[in-house]
Amino acid sequence: MSTATFGTANEDNAHLSRSDSRAVRRRSLALLGSLIRPVRVRFWLTIAMVVLSQATRVAGPALIAFGIDHALPALRSGDNFPLVLTGAAYLLAAIATAGLTALYVTSTARLSQAMLLDLRVRVFRHTQRLSLEFHEKYTSGRIIARQTSDLEALRELLDSGVSSLASGILFMAFTAVTIFALDWRSGLLVLAAGVPMFFLSRWYQKRSQIAFRESRVVSARLIVHFVETMTGIRAVKAFRKEKENSERYGKLAEDYRLVTVRSINLNGIFQPGLVLIGNVCVALVLLFGGFRVLGGDLAIGVLLALILSTKRFFQPVDQMAMFYNSFQSAQAALEKVSGLLEEVPTVRPPKNPVALPTATGRIDFNGVEFRYGDGPLVVPRLNLHIPAGQTVALVGQTGAGKSTLAKLIARFYDVTSGTLTLDGVDLRDLATSDLRRNIVMVTQEAFLFSGSVADNIALGRPDASRAEIEEAAKAVGAHDFILELPEGYDTDVNKRGGRVSSGQRQLISFARAFLARPAVLILDEATSSLDIPSERLVQAGLARLLAGTEAARRTALIIAHRLSTVETADRVLVVHDGQIVEDGTPEELIGGGGRFADLHGAWKDSLV
Ligand SMILES: Nc1ncnc2c1ncn2[C@@H]1O[C@H](COP(=O)(O)OP(=O)(O)OP(=O)(O)O)[C@@H](O)[C@H]1O
């Protein structure tokens, strides 16, 4: 596959080249195949039921022909057995059709639900496993679109579309066989109708494929905008972006309406076109057959059966056209979902992991270079050695590269060249469980998941007892306010804070990190200003978190925004353009008259 269509690259393009289109279709079919594989026994059984039910369904007209042309004359001559036989066979066929249809409809529903469950879980697991790099460029709104509207399109197809399509095709095939068996000349007439039908279908398929691809792209954009507005609702209100956002949403919704109308219009030509071809064919069979009955060439019963069969032959066409629609829509959805599943994490777990159950916390950057994707070099050749147990404050102007260094140590990204080691082990070789246990990052947002306060603290160590959770909260000074919450540790924190203030949220995330007892703690100090009492509480919590309870202090790396934090550090690193331009104790740097001394002066003046 060309890189142009690999994964989610180019997924907004509805007009793919022929070879890219083929490659994307192959990828979608492979995904469909992998979904069918685990349920293949039920899949084949369902197909068998569909085949049988359609075979019994087409028997009707042939039985009527037999009844009129053979059973009725036999009845006249006193033999009622053929008529009883025909009636019984008709009844049996009807019962079998009903029973088999019921069976395959329920079986298809089970099949489709099993496949969808598999896909839904796969998409979730996969997107969660993908690296931060992917998530930073592929918005969460798009993932929501994949997980909701795309899977919904697939559900529509799998739930009823496939079986209707399959049963329709089979019904047509069996009916065609019956027509040929009754009268091959009429059979040829029906076959001839297949030619215009084929061209009409090709015309529709080509145009609607593009329309449906566009529809998936536009609906994803609509969802992205909706999700962005709702998750950023505070900023929307703060900057009075409501009007602008509404206008943009209105435009996207209008785009969606237009694409949908376009595909409906296509369908509006396709479906009546098919019906017209069918009706013309019935008229021709009637005309042609009628003359032959007059000429004595054809029995009247056979003509009746031929007309019934020809009419029935075109019956599913209408229905199939509708399902062809959902098929196209689902195909476009499958293309997108299979692209997402094709993405691979850039930060991969090691093939032969090195175990490091208890690290001391020594960090070494050896000739490290780093760039985001194929962007410019953000960290040019860095050598940095942080001994175990040291508290290091990273300072520097915005965009200097502090967060980047922190993200490298947490292995959210891999270094572009050089090595980054913990206790001498390259992070890329470290078993994922050991990496997560030994290195913990407390982010600025102090995200709380829905659940109780205790659950949120326990994330640091899921097997911790309630006593240990409370001990961690006490250690960082969060215990008192937690007890004051309506249900104490069992209080449900609503999504994104709820009743918990931002300072309290930070204390909970400190308790979480305290409980985890990592060898290395990375802390992105919040820049948002808290009121003075909360600020003091958070400062005290931070100091306690850094001190730890163990004899040995843990290594701590703080992206510092407050003077008080920097003053408690053993060492200050001033970062500029991804490089360490000053390195020393706070006192040394203040005395040195460099960047830090200036920053320190400014901080002192602002009395932070
Ligand atoms: N995900 C990303 N993709 C591409 N470039 C990035 C990404 N994140 C950061 N950068 C770039 O890397 C450089 C360093 O950014 P970084 O976030 O590390 O700075 P910082 O010192 O932490 O800034 P701040 O104090 O504002 O958080 C900047 O030039 C930034 O534009």
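In which sense do strand β3 and strand β11 pair, and over how many bridges?

Analyst: Strand β3 (residues 391-395) and strand β11 (residues 571-576) pair in the parallel sense, over 4 bridges. A couple of ground rules before we zoom in. This is a predicted model, so local features need pLDDT of at least 70 and side-chain atom pairs count only at pLDDT 80 or more, while totals for chains, interfaces and linings use all residues. Numbering starts from 1 along each chain as its sequence is written, and side-chain values rest on heavy atoms, with hydrogens and water left out.

Strands (E, at least two residues) and helices (H or I, at least four) are DSSP runs, numbered from the N terminus. Two strands count as paired if DSSP finds at least two bridges between them.

Back to your pair: Val 395 stands opposite Val 574 in β11. Both strands belong to an open sheet of 6 strands, ordered β6-β9-β10-β3-β11-β12, with mixed pairing. From one strand to the next, the twist averages 20°. Helix α15 (residues 502-516) packs on this sheet, touching β6 and β9 (520-524), and its direction makes about 175° with that of β6. Contact here is heavy atoms within 4.5 Å, and such angles run from 0 to 180 degrees between N-to-C directions, using axes fitted to C-alpha atoms (for helices, over the stretch in contact).

Among the residues around the ligand are Gln 397, Thr 398, Gly 399, Ala 400, Gly 401 and Lys 402; a residue counts as near if one of its heavy atoms lies within 4 Å. Helix α10 (residues 402-409) gives the largest share of this shell, 3 residues. Now for the polar contacts, meaning pairs of N or O atoms within 3.5 Å (within protein, one must be able to donate a hydrogen and the other to accept it, and sequence neighbours count only if both atoms are side-chain atoms). A polar side-chain atom of Thr 404 lies 2.4 Å from a ligand oxygen atom. Gly 399 has a backbone N or O atom 2.8 Å from an oxygen atom of the ligand, and for Ala 400 that kind of distance is 3.1 Å. On its own the ligand has 630 Å² of accessible area, and the protein covers 60% of that, using the Shrake-Rupley method with a 1.4 Å probe.

α10 also leads us to a second sheet. This one is open too, with 4 strands in the order β2-β1-β4-β5 and antiparallel pairing. Its edge strands are β2 (377-386) and β5 (425-426), each pairing on one side only. α10 packs on this sheet, touching β1 (363-371), β2 and β4, with its direction at about 115° to that of β1.

Let's cross that sheet strand by strand. β1 and β2 pair over 6 bridges in the antiparallel sense, and Phe 370 stands opposite Val 379 in β2. Their hairpin has 5 residues between the strands, and there Gly 373 takes a positive phi near 55°. Next, 5 bridges join β1 to β4, again running antiparallel, with Asp 364 partnered by Thr 421 in β4. That Thr 421 also has a bridge partner in β5, namely Asp 426. β4 (residues 417-422) and β5 pair over 2 bridges, and Leu 422 stands opposite Val 425. Their hairpin has 2 residues between the strands, and Asp 423 in the turn shows a positive phi of about 50°.
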